[in-house]
Amino acid sequence: MGNPLLDISAVVDEAFLAKYDIKPGNAILAEEKHLPMVAQWMLQIPGATSYMGCIGKDKFGEEMKKDAQAAGAHYYEDDNAPTGTCAVCIVGGERSLVANLSAANCYRFEHLKRPENWALVERAKYIYIAGFFLTVSPDSIQLVAEHAAATNKVFMMNLSAPFICEFFRDAQEKALLYADYIFGNETEARTFAKVRGWETENTEEIALRISQLPKASGAHRRITVITQGCDPVVVADDGKVKTFPVILLPKEKLVDTNGAGDAFVGGFLSQLVQERSIDECVRAACYAANVVIQRSGCTYPEKPDFN
């Protein structure tokens, strides 16, 4: 579940970012709609994923439906608001996102409770919800999180952006109580720690402390996965921290980092749902992210060559 937004990408310069006060690599309200598409691509099993969010009844909405069919999208369509969009501003391969949520902000709890949609939740064995969705429908997140805990399903969330950690702390804490896996990057992790007065910027220490936060269900232990750009991936699991090197890419091969975080989690989930080891999950995550950053937009070849 998340905010379905249509990406509109443009290569810009530093002056453009400065003019609109956009920080390189930042997300000012954004989305994670790429993730189910990447997971689906990596799995190569029709109908393995499904996705929920809200779009408008317009040209952009039609575009979204066309693109997301493969990811099993089940959209709530709002009569009044236009489909949300996301400006992807690219400078030297680094992306900055500026989102206009529009219809994505209109998702209704009632849509989730419709029998045909709740059936998707009941069929799912693994559930991932974007942290950005906390700004839209925390009630929907709570309902799904409680269902996952009651049925011993794997429930996962992403820290998503520093502003979520700062300004939606209460809603985030309520949801993370149920999370078996928490994903994020080093900036988000440090903001999460700062808000809680942890007085450390050490990513490994923060990942460990996040993994040890209170948990609603004891069926699964919590695992925290923090990415650090070209630095190693940090995984905190069962009181221990492991680091995994990423696939290093020469600067000239970097095209666009848009969708890299989504691709990372999509790759990770593609192996997790097949009950592979955490090492394999991280390897697939790094592979998927590496493929996506070498292409314009969140796109990928017809088939993965991950094995």
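**Entry 1: a helix pair**

I began with α11 (260–272) and α12, whose crossing is right-handed; the handedness is called left if the near helix is turned anticlockwise from the far one by less than a right angle, and right if clockwise. This is a predicted model, in which local features need pLDDT of at least 70, side-chain atom pairs count only at pLDDT 80 or more, and totals for chains, interfaces and linings use all residues. Residues are numbered from 1 along each chain as its sequence is written, and side-chain values use heavy atoms, with hydrogens and water left out.

I looked up the geometry next: the axes of α11 and α12 (residues 278–292) come within 7 Å and cross at roughly 145°. Axes here are lines fitted to C-alpha atoms, for helices over the stretch in contact, with angles from 0 to 180 degrees between N-to-C directions. Helices (H or I, at least four residues) and strands (E, at least two) are DSSP runs, numbered from the N terminus.

On the α11 side I found Phe-264, Gly-267 and Phe-268 among the residues in contact, and on the α12 side the list includes Cys-281, Ala-285 and Ala-289. Contact means heavy atoms within 4.5 Å. By class, I noted 14 nonpolar, three polar and one charged residues. In that scheme Ala, Val, Leu, Ile, Met, Phe, Trp, Tyr, Cys and Pro are nonpolar, Asp, Glu, Lys and Arg are charged, and the others, Gly among them, are polar.

**Entry 2: the open sheet**

I then traced six strands forming an open sheet in the order β7-β8-β9-β10-β11-β12, with mixed pairing. Two strands pair if DSSP finds at least two bridges between them. β7 and β12 (240–244) each have a single partner strand, so one side of each lacks a neighbour in the sheet. The twist averages 15° from one strand to the next.

Within the sheet, I checked β9 (residues 181–185) against β10 (residues 223–228): they pair in the parallel sense over five bridges. Ile-182 stands opposite Thr-224 in β10. By contrast, β11 (residues 231–237) and β12 pair in the antiparallel sense, over five bridges. Here Val-235 stands opposite Lys-242 in β12. The β11–β12 hairpin has two residues between the strands, and I noted that Asp-238 takes a positive phi near 55°.

**Entry 3: helices beside the sheet**

I followed α9 (residues 186–195) across β8 (154–158), β9 and β10; this helix runs at about 110° to β9. Its axis and that of α10 (residues 203–211) come within 10 Å and cross at roughly 65°, and this crossing is left-handed. Glu-186, Ala-189, Arg-190, Phe-192 and Ala-193 in α9 meet Thr-203, Ile-206 and Ile-210 in α10. I classed the residues of this contact as five nonpolar, one polar and two charged.

How much space lies in the second largest pocket? I read about 830 Å³. A pocket is an open set of points on a 1 Å grid over the protein atoms alone, with protein on both sides within 12 Å along at least five of seven lines; a cavity is a set where a 1.4 Å probe fits but cannot get out, and lining residues have an atom within 4 Å of a point. Points are joined across faces, edges and corners, and a volume is the space filled by probe spheres set on them.

Of the 29 residues lining this pocket, Ala-48, Thr-49, Ser-50, Ala-124 and Tyr-126 are the closest to its centre. α2 (34–43), β3 (51–56), α5 (115–123), β7 (126–129) and α11 each supply at least two lining residues, and α2 gives the most, with four. The lining divides into 20 nonpolar, five polar and four charged residues.

I also found one cavity of 30 Å³ or more, with about 40 Å³ of space in the largest cavity. Its lining includes Phe-155, Tyr-178, Asp-180 and His-220, and the classes are four nonpolar, three polar and two charged.
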